[in-house]
Amino acid sequence: MHQDGPFEHPDNLAFDTLAVRAGQRRTDEQEHGDPIFPTSSFVYASAEEAARKFAGDEPGNIYSRFTNPTVQAFERRLAALEGGERCVATSSGMAAILATALALLEAGDEIVASRSLFGSTVSLFDKYLGKFGITTRYVELGNLDEWAAAITPKTRLLFAETPSNPLSEVVDIARLAALARQHDAWLAIDNCFLTPALQRPLALGADLVIHSATKYLDGQGRAIGGAVVGRDKELEEVFGVVRTCGPCLSPFNAWIFLKGLETLGLRMKAHSENALTLARWLEAHPAVARVHYSGLASHPQHELASRQQQGSGAVLGVEIQGGRDGAWSVIDATRLMSITGNLGDVKTTITHPATTTHGRLSEEQKALAGINEGLIRIAVGLEDSEDLKADLARGLDSLI
Ligand SMILES: *Cc1c(COP(=O)(O)O)cnc(C)c1O
């Protein structure tokens, strides 16, 4: 590989190489690191050049709401990692979902989505897209018959998160993609939990991948951002929305995510190994009723997950004996883990979904989503697993 030239979408390079190298374009300063371009606009040598750029007759930067070189480096790198033709970065994960919906849907269209979605995604679909005449039906993630039954001639988009949060349910992406194709709808997969290091939905037939870069792409809890990856055709529409409506990513945040991507493969492998070690230990503890994690042999879709995923990620759903009291006492006995609803960090986080992330759901919705009072969610970080076990053992041992 020639170090001095532009380095964009090299073929035949492995994931970890792309994560470090893809997307960078060196400037004449010959910098080794990825540069940050904190500029709102760009200048031209002449009125004629400006006219050509504005008319779109000549490629190039105009204004950072449209394009910015640091943001583009992040977009090229993530596109290479997901195996997509193009990526458009956004100001947050929610902005990525909003931009996708604005780009592809219109009044009267329908979405079919998995019931176990991120809470704000449900609000976006029901409260805001609903205002503009787009309706969403929710189905059980892993039940393809339910997906098929919910599709109507108006369905344009299937939307899923797999594995789900916090119960680690899995859907067969290839079969869901075939269903979408059969009905001339797009399939979008929110790949936040596994990232392309552990799951590549486009290779399995999905049309679009959505990211909250805030989570594992950054990986260290520093910045908010998002992205959509897919084919040129759809991404040109998404780009049009971001360029016009304004939920663009800042160059500073793009630079943080570029740094995050460099270690993505290593981190996701380490997160998965730590999570599996903890999941196996928790499963054997007498104060634990059940552990939901697709990496465990006891998981009902373990075989599918092993085929579709290169690891199971960091998020564990753990049912503690003794309902809410038991769950809260385990959480309150921790000294190392952070009690917070966030995830995707090197720091392990622990939360009680029924009263936090899923607290606004009705009792019926909670029951449908499988969120019971004894459930805690642990997003396993990169601390030593023995220290994490000791942190949980303090509360768990007091329950038996
Ligand atoms: C956090 C999250 C989002 C939203 O991302 P933001 O960057 O917070 O806007 C969407 N989907 C999933 C699965 C998430 O965890």
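**Ligand site and cysteines**

Modeller: Around the ligand stand Ser92, Gly93, Met94, Phe118, Glu161, Asp190, Cys192, Phe193, Ser212, Thr214, Lys215 and Gly225. A residue is near a molecule if one of its heavy atoms lies within 4 Å of it. The model is predicted: local features need pLDDT of at least 70, side-chain atom pairs count only at pLDDT 80 or more, and totals for chains, interfaces and linings use all residues. Residues are numbered from 1 along each chain as its sequence is written, and side-chain values use heavy atoms, with hydrogens and water left out.

Biologist: Which polar side-chain atom lies 2.7 Å from a nitrogen atom of the ligand?

Modeller: A polar contact is a pair of N or O atoms within 3.5 Å. Here the atom belongs to aspartate 190. Oxygen atoms of the ligand also count: one is 2.8 Å from a side-chain N or O atom of serine 212, and one is 2.6 Å from such an atom of threonine 214. The protein covers 91% of the 380 Å² of accessible area that the ligand has on its own (Shrake-Rupley method, 1.4 Å probe).

Biologist: How many disulfides does a search of the whole structure find?

Modeller: A disulfide is a covalent bond between the sulfur atoms of two cysteines. The cut-off is a pair of cysteine sulfur atoms within 2.5 Å. The search finds 0. For cysteine 192, the nearest cysteine sulfur, that of cysteine 87, is 14 Å away.

Biologist: Is cysteine 192 buried or exposed?

Modeller: Buried means under 20% relative accessible area, exposed over 50%, partly exposed in between (1.4 Å probe, protein chains only). Cysteine 192 has 5% relative accessibility, so it counts as buried.

Definitions and conventions:
A polar contact is a pair of N or O atoms within 3.5 Å; within protein, one must be able to donate a hydrogen and the other to accept it, and residues adjacent in sequence count only if both atoms are side-chain atoms.
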